[in-house]
Amino acid sequence: MVDPTLAEMGKNLNEAMKMLEDNQRKVEEENEKKYSRKDIPGPLQGSGQDMVSILQLVQNLMHGEEEEETSQAYRLQNVGEQGHMALLGHSLAAYISVLDRERLRKLTTRILSDTTLWLCRLFRYENGSAYYHEDDREGLLKICRLVIHTRYEDYTTEGFNVLYTKQPVIYISSAARTGLGQALCSQLGLPLSCMCRVPCNTMFGSQHQMDVALLDRVIKDDVDSGKLPLLLVANAGTPGAGHTDKLGRLKELCEQYNMWLHVEGVNLATLALGYVSSSVLAATKCDSMTLTLGSWLGLPAVPAVTLYRHEDPSLSLAAGLTSSQPVEKLRALPLWLSLQYLGHDGIVERIKHASQLSQRLLENLKNLDFIKTSVEDELSSPVVVFKFFRDYSNKDQPSHAAQVSTLQHPIISNERHIYDTFNQWLGEQLAQLVPASGADVVELEDEGTCVRFSPLMTSAVLGTEIQDVDQLVDCLKMKIPVLTSTLQLREEFEQEVRRTVGLLYIEDLNWPGLGVVRYDCQSDGKNDGDQELEKINTELLKKLNELESDLTFSLGPEFGAQKNCVYIGMVTEDLDVSELVETIAATGREIEENSRLLENMTEVVRKGIQEAQLQLQKANEERLLEEGLLRQIPVVGSVLNWFSPFQASPKGRTFNLTAGSLESTESTYVSKAQGTGATPPPTPASSLAKQRLPGQKVFRRSLRSSDAFSETSSVSHCDDLEKVDQRPPALSPGQEPGPSEREKTEEPEAVQATCRDTEDIQSAQSPAGCTKVGQEESQR
């Protein structure tokens with residue numbers, strides 16, 4: 001008979017998970033605004049809500065602000081039934097906690113003893129006890145307190161006063177997790193001087209393993225100075241590269257100085273497999289180890305476990321490793337349920353699958369050029385770290401020796417910085433293209449920026465399969481030519497930019513691309529140079545993005561140090577660098593000239609209007625003298641004009657914006673037609689306008705044509721320039737050009753302004769781009 005309460009709890013959990021994992025959105029919900037009224041927190045309802053409404057609210061909070069639903073949906077669908085068992089354990093823990101004290105004690109004791117026994121057998125840790133904790137650092141913290149209680153007998157009564165006589169020292173590797181030592185000292189109330197970071201090997205062995213000989217000398221110096229070596233934290237899989245310390249020698253050293261040895265790391269998961277490397281197998285002899293089963297098995301919300309060996313239960317209780325409260329023992333309930341659901345074979349199969357994924361990737365990386373790997377053991381390395389690196393010295397060496405290395409290449413700082421930037425871009429691209437792989441970017445002290453593949457930490461949650469690894473390799477094969485081409489052309493691009501007038505090369509080692517260039521305009525000092533520079537480079541970026549090319553042009557990082565620049569992204573080997581640089585320079589000059597033409601035109605027009613007004617005023621006075629005083633009287637002037645009309649030739653002015661001078665319009669009124677400028681001839685094709693094959697992008701090298709084709713193009717280009725440069729002589733005032741001469745004499749760049757003597761200045765735009773302002777005198 002099943003308890004009805006438990007059956008109802010399981011049913012409710014299944015319904016809740018089904019509702020939360022249902023990611024089908026209605027069309028109406030997709031069209032809603034990002035922040036709707038129901039998202040605004042309101043007062044607590046007095047009548048309460050049912051479970052369906054509350055779960056719907058939880059679903060909205062989980063998915064309401066997600067921009068991309070695919071990534072989170074992928075995670076939820078891989079929770080699986082074993083994940084449901086872990087979630088059911090939290091619900092059961094709340095239900096079990098209300099039982100009577102005696103039943104609760106028996107049940108929690110059984111759960112704790114079963115889980116501890118299973119884990120000790122599974123990971124080959126005999127006669128061990130277990131402490132279950134939420135924070136993976138909390139287990140090490142409790143172990144430190146246990147060791148302090150053990151080594152300082154009066155610590156329980158005297159407290160920190162006993163630490164004055166002999167200062168405790170905790171040793172951790174320099175390859176350990178960032179901030180681990182500070183966290184321990186902060187929680188234990190110890191000064192930072194109690195924490196000693198042991199360097200890794202520099203001459204022999206892996207550069208991620210603790211230097212045992214140096215550690216021995218450091219411990220001797222501490223003992224001679226009156227300090228007490230307390231605990232050593234070793235790694236079975238460093239957080240960065242996944243390397244394992246020499247645990248056998250470290251254990252001997254700890255026994256020599258009566259120190260406690262604690263081991264942590266992802267490689268401890270391989271203890272459950274049939275074949276275990278000797279370096280990891282030595283972890284079974286340590287005093288304590290921390291296991292993170294949640295990430296290894298893909299179990300959500302399960303605690304981490306610290307296995308330890310100690311004979312005095314009272315000290316374990318004083319350190320907080322055990323508790324007399326039955327409710328504290330219920331932390332193991334989610335893990336107890338999940339381990340039973342998976343079984344021994346299921347647990348081993350998941351860990352084995354993750355190891356096979358690493359081996360599959362490592363075998364494929366051996367066949368790739370320009371990829372360097374950093375693995376500790378080729379046969380059983382759960383973590384694969386690799387990077388892009390061009391090493392021409394190993395080009396003729398065997399592939400095996402070239403690929404499996406520790407990346408110990410002497411390179412200058414700038415070159416290493418560039419490689420770090422490129423590998424950062426590579427890792428981000430791989431993570432974006434193959435999100436199921438779980439590849440990420442890691443910073444290592446000696447190797448720099450690398451790409452890390454650690455399926456033991458991600459495959460169970462992401463559901464990584466063999467095909468995902470193959471897809472990762474395929475993407476890597478596509479990115480390597482882009483990286484090599486960009487690295488090759490980067491120096492050529494810098495040289496071309498430095499040789500080009502008007503362009504300024506900006507050295508930005510943090511930019512993963514061809515380079516950074518800025519069009520450096522010549523400021524005249526009248527306007528703000530920075531604003532003009534920003535305006536021209538922004539317009540330049542816009543023009544470049546309008547071109548039909550495969551290149552990416554941008555303003556660079558949002559919080560980058562360089563501003564008003566054009567950032568060019570990754571390129572391929574068929575890029576024509578000289579054409580690219582020439583196009584950038586020509587486009588920048590065109591934008592600058594157009595900008596200055598508009599600025600100068602404003603000033604020239606203003607001065608021209610003022611000069612035209614003065615000449616019109618002078619012409620108006622001369623007209624009054626010619627007509628006489630009587631013609632200005634209203635009635636008398638009309639009668640006089642009727643008897644003796646006054647013939648006056650209209651006088652106007654033409655203002656040429658290009659020449660900046662005023663000219664007479666007498667010839668215009670004699671011919672009773674204003675000359676219409678001819679249509680400007682097309683701009684002669686520059687060397688940028690190369691003939692291309694159909695569908696060929698700009699900035700791409702095409703197949704070289706014959707010499708005759710090149711010569712014909714050059715001759716045609718020179719003839720066009722000669723025709724454009726021919727200028728006919730100017731016509732004298734009053735002379736009317738003939739039809740054939742008008743076509744030769746008209747200047748397409750001239751913009752004329754005609755002014756006539758009137759009370760008001762009227763302007764009209766002619767087809768030739770000329771503005772006329774004139775006067776008309778009514779005659780009778």
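Me: What joins strand 10 to strand 11?
Reply: A hairpin of three residues joins strand 10 to strand 11; strands are DSSP runs of E with at least two residues, helices are runs of H or I with at least four, and both are numbered from the N terminus. This is a predicted model, in which local features need pLDDT of at least 70, side-chain atom pairs count only at pLDDT 80 or more, and totals for chains, interfaces and linings use all residues. Residues are numbered from 1 along each chain as its sequence is written, and side-chain values use heavy atoms, with hydrogens and water left out.

Me: How do you know that the reach of helix 10 is close to the expected value?
Reply: The expected span is 1.5 Å times one less than the number of residues. Helix 10 (residues 212–224) has 13 residues, and its 18 Å from first C-alpha to last is close to the expected 18 Å.

Me: Why are the buried residues of helix 10 said to line one face?
Reply: Val212, Leu215, Ile219 and Asp222 are buried in helix 10, that is, under 20% relative accessible area with a 1.4 Å probe and protein chains only. Seen down the axis of helix 10, these buried residues fall within an arc of 80 degrees, so they line one face; the arc is that of the directions from the helix axis to the C-beta atoms.

Methods
Pairing = 2+ DSSP bridges. Buried < 20%, exposed > 50% of the residue type's maximum accessible area, 1.4 Å probe, protein only.
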